[in-house]
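Please look through the sequence and the model shown below before reading on.

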Amino acid sequence: MFGADADFGGLTTMFTEHGHLKIFDWKYAKAQHLIPENYKVWWGFEDNKLYNYAKEEITRLSTLGKPFHFVMENADTHFPDGYLEPETQRLFGNQYADVIFHSQKQVYDFIRWIQAQPFYKNTTIVVTGDHLSMDPNFFKNWDPHYERTTYNLFLNPAFTNKDFKTHNRQYAPFDYMPTIVNSLGIKIPGERLGLGTNLASSHKTLIEKDGLAHVDEELSYYSKFYATNILEMKNAPHDASGRTVHSAE
């Protein structure tokens with residue numbers, strides 16, 4: 001569930017090629033007459049609607065009598081300056097700070113709602129950011145030595161290993177995949193899936209083992225198989241050293 005057009009960033013392709021998943025985006029909401037055909041605020045529809053739709057959809061899924069998987073992405077805190085919903089309190093004299101504060105409350109209220117539902121006892125909640133905020137002005141006076149990271153939280157997990165390091169880990173987004181799978185109580189032989197390492201284990205991630213610079217360099221190399229068979233970019237450009245050439249965008 002996504003308040004924008006799921007075609008943005010290739011999300012439609014990613015989800016449709018990895019299973020039979022229902023995609024509830026801005027276009028879907030219009031097709032279902034949940035919003036008018038000409039409705040568009042921010043990226044499509046705002047987070048206030050997103051959470052209401054999410055509650056309805058999760059409630060529906062919970063009545064089907066089988067395990068369900070629900071993913072949603074909020075967007076009011078996206079740059080520049082975020083989207084100011086009518087209910088947002090003006091507390092900090094800065095729109096982006098107000099939007100972030102309001103978004104935190106929305107997330108909190110939504111999680112508390114899930115925890116009050118009968119299905120929660122057998123449900124794991126994962127909260128994480130997809131990237132750091134890209135707002136250039138809000139963070140310009142922050143301590144340059146402070147390392148900003150994406151937020152992550154696991155609630156009610158069923159990790160198979162109860163004794164693992166939870167602080168000062170060095171990891172990448174692809175490490176979330178095996179960690180989330182294990183948080184559902186699924187054992188992973190070798191604690192690795194793809195490039196990712198289960199963080200709820202004693203195994204080192206690629207970054208912890210080889211260092212960020214080396215991992216970053218290895219990931220930058222051009223892969224003909226990936227470009228041709230996954231991205232369908234048969235003529236994807238690469239430089240003399242074999243690294244993929246990224247566009248200015």
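## Confidence

This is a predicted model, and the pLDDT of the protein chain averages 90, with 92% of the residues scoring at least 70. Among the elements, strand β4 (residues 196–197) has the highest mean pLDDT, 98, whereas helix α8 (residues 224–230) has the lowest, 76.

## Overall make-up

The protein chain contains eight helices and four strands, and reading from the N terminus their order is α-α-α-α-β-β-α-β-β-α-α-α.

## Surface and charge

Of the 249 residues in the protein chain, 30% count as buried. The accessible surface comes to about 16600 Å², and carbon and sulfur atoms account for 55% of that area.

Among the side chains, 24 are positive and 31 are negative, and the centres of these two sets lie 6 Å apart.

## The largest nonpolar core

The largest nonpolar core has 21 residues, of which I35, F45, F110 and I114 touch the most other members. At least two residues of this core come from each of α2 (26–31), α3 (47–62), α4 (95–115) and β1 (125–128), and α3 gives the most, with five residues.

Which residues does F45 touch, not counting those up to four places away in sequence? The partners of F45 counted in this way include F2, F24, W26, I35, Y39, L50 and Y53, and also G3, D25 and A29.

How values were computed
Residues are numbered from 1 along each chain as its sequence is written. This is a predicted model: local features need pLDDT of at least 70, side-chain atom pairs count only at pLDDT 80 or more; totals for chains, interfaces and linings use all residues. Side-chain values use heavy atoms; hydrogens and water are left out. Buried means under 20% relative accessible area, exposed over 50%, partly exposed in between (1.4 Å probe, protein chains only). Accessible areas come from the Shrake-Rupley method with a 1.4 Å probe; for residues, only the protein chains shown count as cover. Lys and Arg count as positive and Asp and Glu as negative; His and the chain ends are not counted. The place of a charge is taken as NZ of Lys, CZ of Arg, CG of Asp or CD of Glu. pLDDT is the predictor's confidence in each residue, from 0 to 100. A nonpolar core is a set of buried Ala, Val, Leu, Ile, Met, Phe, Trp, Tyr and Cys residues joined through side-chain atoms within 4.5 Å. Contact means heavy atoms within 4.5 Å.
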